[in-house]
Amino acid sequence: MLTSPLESLRVAVVRRTTGLFAFGNDPMARTMDYAGDPGLFGPDSITWEVMGDVSGFVAGIRALLIQAAHPEVVAGVADHSRYREDPLGRLSRTSDYVTATSYGAMPEVEQAVRIVRAAHRRVVGISHRGQPYRADDPSLAAWVHNSLTDSFLACHRAYGARALNDAEADRFVSEQARIGRLLDADPVPETAAELSAWVAEHPAVAPSPGMREAVMFLRQPPLDPAVLVGYQVLASAAVVTVPPRIRAALALRPRPGARYVGLASTRAMRWALASSPRWRQALLRVGAPIDERRFKQKVPFESLEAA
């Protein structure tokens, strides 16, 4: 069967994008065994909508940048992570955690949390400024969790398929707080305003050797050249949304027009990818109605053949 040039282009975008996240085990491989289980959120949540939008690709980069602005958090990453040697593996593991906690049935949520807790117990050390750190410290867990939540919300508001109103933004933050509490993060804000202020004004934010290394890596990760061009557009779109005080600590400046290019890029990705197939998978598990117009991939990482 002949395929139009536009459809061939869409298939190529899907392959390149989903290929970045195919380096781990499927965290929802058995999700249909838990028929009717809504997990932490369910089909009426704001979380399923926000996490299913392509603005999440920008949010992931933003979260990593902001997390790097905390000297003890980034020291733990620098001392214990293999992100330099295995960047796509780490990306897949992070994506798997977000997927499982957002869309998984409760056994899958609990398994994702157990994996993170086990990994965090081994992450202990001393930062460059002589401060001890441990990844399971509630305050450090809060920085990681809250910056991730804030990033998904900020990027959805900047680049999402539709604008969330204030009540919906508060609902999203309150829903995400359930994950933070599972990881013993403290504090975990419950409203969008409290969350954004907590992140933007956090007193621990400061430059560090680990931060400079992480930012350098995030600006130029070892990706295929064709993928790297698109990644850097999304990274520039992410930088625009970072609070000015944190952006200054990271020594980053927004590129002129980056927000508009980011809007155009996320719209193009939405045309190619539509909403996350994980959202559709979760809807199937709970037996909820599915608006098929939202989805172009019916199952995660499906094999797409271009004629």
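Predicted model: local features only at pLDDT ≥ 70, side-chain atom pairs only at ≥ 80, totals over all residues.
Residues are numbered from 1 along each chain as its sequence is written. Local features need pLDDT of at least 70, side-chain atom pairs count only at pLDDT 80 or more, totals for chains, interfaces and linings use all residues, and side-chain values use heavy atoms, with hydrogens and water left out.

Q: Why is helix 3 called oblique to helix 7?
A: The axes of helix 3 (residues 55-67) and helix 7 (residues 138-159) cross at roughly 140 degrees and come within 8 Å. Angles under 35 degrees count as roughly parallel, over 145 as roughly antiparallel, 65 to 115 as roughly perpendicular and the rest as oblique. Helix 3 is therefore oblique to helix 7.

Q: What makes Asp53 and Arg270 a salt bridge?
A: A salt bridge is a side-chain nitrogen of Lys or Arg within 4 Å of a carboxyl oxygen of Asp or Glu. The closest N and O atoms of Asp53 and Arg270 are 3.0 Å apart, and the pair forms a salt bridge. Asp53 lies in the loop between helix 2 (46-51) and helix 3, and Arg270 in helix 13 (residues 258-273), so the pair ties together parts 217 residues apart in sequence.

Q: Why is Asp53 called buried?
A: Buried means under 20% relative accessible area, exposed over 50%, partly exposed in between (1.4 Å probe, protein chains only). Asp53 has a relative accessible area of 9% and is therefore buried.

Q: What makes Asp184 count as partly exposed?
A: Asp184 has 42% relative accessibility, and therefore counts as partly exposed. Its salt-bridge partner Arg117, with closest N and O atoms 2.8 Å apart, is also partly exposed, at 31%.

Methods: Axes fitted to C-alpha atoms, helices over the stretch in contact; angles between N-to-C directions. Helix = DSSP H or I, 4+ residues; strand = E, 2+ residues; numbered from the N terminus.
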